[in-house]
2 protein chains.
Amino acid sequence: MGMVDSTIHTMTCFTDAPLELESGATLRDITLAYQTHGALNEAKDNVVLVCHPLTGTAHVAGLSDPNNPKSAGWWDQVIGSGKAINTDTHFVICINSLGSCKGSTGPCDINPDTQKPFGLEFPVITIGDMVRAQKAVLDHLGIQQIKMVIGGSMGGMQALEWVCMFPDMVRSCVPIAATGQVSPQTIAFDAVGRQAIRGDSDFHDGRYQEHNTTPHHGLGLARMIGHITYLSESSMSQKFGRKLQEKNDLSYGMDQDFQIESYLQYQGDKFVSRFDANSYLYLTKAVSYFDLPKKYGSLEKAFSPSNARFLVISISSDWLYTPEQSKIVARQLMRLNKEVTYVDVDTHYGHDAFLIDNPDLFRLINVFLESL
Amino acid sequence: MGMVDSTIHTMTCFTDAPLELESGATLRDITLAYQTHGALNEAKDNVVLVCHPLTGTAHVAGLSDPNNPKSAGWWDQVIGSGKAINTDTHFVICINSLGSCKGSTGPCDINPDTQKPFGLEFPVITIGDMVRAQKAVLDHLGIQQIKMVIGGSMGGMQALEWVCMFPDMVRSCVPIAATGQVSPQTIAFDAVGRQAIRGDSDFHDGRYQEHNTTPHHGLGLARMIGHITYLSESSMSQKFGRKLQEKNDLSYGMDQDFQIESYLQYQGDKFVSRFDANSYLYLTKAVSYFDLPKKYGSLEKAFSPSNARFLVISISSDWLYTPEQSKIVARQLMRLNKEVTYVDVDTHYGHDAFLIDNPDLFRLINVFLESL
């Protein structure tokens, strides 16, 4: 019990031998930021690895500022003493993704070869590379077995990649609102977002740090596009409808009229202040590349070596990573006689539903974890 | 029979009294571009008014260059001798929308008050204002009755607005892939598109003509966003899937890898060369404002005065103006005991399906028109 410690730890790895990336490039002296909750038991078999979505951080639970309830980690509702992922009995670890800008090595860090920020000289990374980096943290902590790897969206892709890359290490896997192969529609939205960033006159071909600028406009646009895909038509209609923003009537001008417009603007502005544009390019590129059938020959071959138990979860109103995409994963696992449960969580909220308070979803996770 | 004449006519109206816009502003000396096909009969009761979608033109049928089959009008498959809308017996008219940049008065034209391009001094217009401008063309041609008003997307909104504004003039109405009230999700996509344009450093607050620039980047982005919404996940998967563009393997670089990326880029680039950024702002704003229940008190009140026959058509895979939105229109018409047929055309193509060769859709329109 007691207060959850929300320290962010860092470690540096791949100092002797560099990380060999799936592209064939290498990356050395990698720093990884991570947070842990609960205690690792003596058998080291109570590990829950939580993988964050695209722009998430290692700060998964607890308050980073004890006096500020708004400083809670991004999945604080799920992780803690007595919560769905119970830290009284589990050791939870969340690692900031390679390529991100929240403590782990990414394109805004200094390239040891040039002593300048990487910018677009950072190598393109994949979901598999992220998983390999995560494994280095587990190695560092002496962890050889994962009781459950869980994540939503990009985190769900990592969870699936874990069972494919390290089948002997993973006892159970919970991909939420994810896919085994990113669809062309998702590629399309991400491509437009990247184009918005790269075409911003403040982008300077990725060297904006040296120009003391940031491509605010492009990054904000990318986030606004993304944010639309994280909601659903129905949730937007219920939450905003055609309500006007602080007006009694249409302005008949070119400024914003509707609440949905200022909401998106707010989301874009908020994001720009907390996230790096180059990281956004690299992380969305990794997502676009995610394709288990291509990497392993087929989805069947990808999952064959695994002995994990699976809980595959989709969100009924998710049109970014549709229930159909989760079903393809679940169906393949069933055909392979894996232990798999597939649940489509019925909510109108859209893709991001796994990030909000959702007792049904949390109970599902809890029951699954406690049954292991 | 014989060759379809594809001359674009222009007329100037509102020279004596200005057009009173729904905003309360006025606009005078309005030029409107239109095209006609077939002959107006003596009774002047064989008029089919075709309303174009967002970025369409008056050039609806025939070849603008007799030697170039690619110069066909945007609905040439539908309109002509012996076609679904048969010009042997019907007089077809299509008018470039007020606010557009294809011959009718819009923001890139000269403001008679300042002798400079309007830019953002152009008044915000509505779908109702567009309809009122169209009526001026019909008045000019001595037309008092419309046999059928038909259009897809923004054109469908105009078709619906026609029966609400001028119920005595319209004998039948065919809105395709349209809505009676634009949803917050569509508002959201359009708002991001407008933001992309207005944040482009070449936009110069709408005065880019005087700076000899064009906001290519922003307008291209807006079109790319729009284009995603005109297709469907399924059509993208069938047409593009995860196929690479002129490559054998992923580039592991920041440039485009997938066909869907270069396709969208191509669509954006092509659009920039043919359309004006300010017009795009005004037309999408008009769409965002479209809300028959708000304007008339309710959808019931909006449609009550009409005696038209309706053929309401939705596209099964349309997620921009969903079948559900068409059903709301059809349901209200049924409740009012109007003569209404509702058809959901089953195709995976997405919103833009009405613009491609679709024999089922064209037959529907033909049978409806010939039955009048």
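Predicted model: local features only at pLDDT ≥ 70, side-chain atom pairs only at ≥ 80, totals over all residues.
## Domains of chain A

Where the two domains of chain A meet, domain 1 contributes 22 residues and domain 2 contributes 15 residues. On the side of domain 1 of chain A that touches domain 2 of chain A, 12 residues are nonpolar, nine are polar and one is charged.

## Packing of α3 against α4

In chain A, the axes of helix α3 (residues 184-198) and helix α4 (residues 216-230) come within 7 Å and cross at roughly 165°. Since an angle over 145 degrees counts as roughly antiparallel, α3(A) is therefore described as roughly antiparallel to α4(A). The crossing in which α3(A) passes α4(A) is right-handed.

On the α3(A) side, the contact is made by F189(A), V192(A), G193(A), A196(A) and I197(A), and these face a set from α4(A) that consists of G218(A), L219(A), L221(A), A222(A), I225(A), G226(A) and T229(A). Sorted by class, the residues in this contact of α3(A) with α4(A) comprise eight nonpolar and four polar ones, with no charged residues.

## Relation between the two chains

Chain B is superposed on chain A by a rotation of 180° with 0.0 Å of shift along its axis, and the RMSD of this superposition is 0.0 Å. The two copies are thus related as by a two-fold rotation axis.

## The contact between chains A and B

What does each chain bring to the contact, in number of residues? The contact takes 38 residues from chain A and 38 residues from chain B. On the side of chain B that touches chain A, at least two residues are supplied by each of the helices α3 (184-198), α4 (216-230), α5 (233-239), α6 (259-272) and α7 (277-289) of chain B. The largest share of that side, nine residues, comes from α3(B).

By class, the residues on the side of chain B that touches chain A divide into 23 nonpolar, 10 polar and five charged. Of the interface residues of chain B, 100% are also interface residues in chain A, so the copies meet through the same surface.

Definitions and conventions. Residues numbered from 1 in each chain as written. Chains lettered and ligands numbered in written order. Least-squares fit on C-alpha atoms with pLDDT ≥ 70 in both. Contact = placed C-beta atoms within 7 Å. Axes fitted to C-alpha atoms, helices over the stretch in contact; angles between N-to-C directions. Helix = DSSP H or I, 4+ residues; strand = E, 2+ residues; numbered from the N terminus. Parallel < 35°, antiparallel > 145°, perpendicular 65-115°, else oblique. Left-handed = near helix turned anticlockwise from the far one by under 90°. Nonpolar A, V, L, I, M, F, W, Y, C, P; charged D, E, K, R; others polar.
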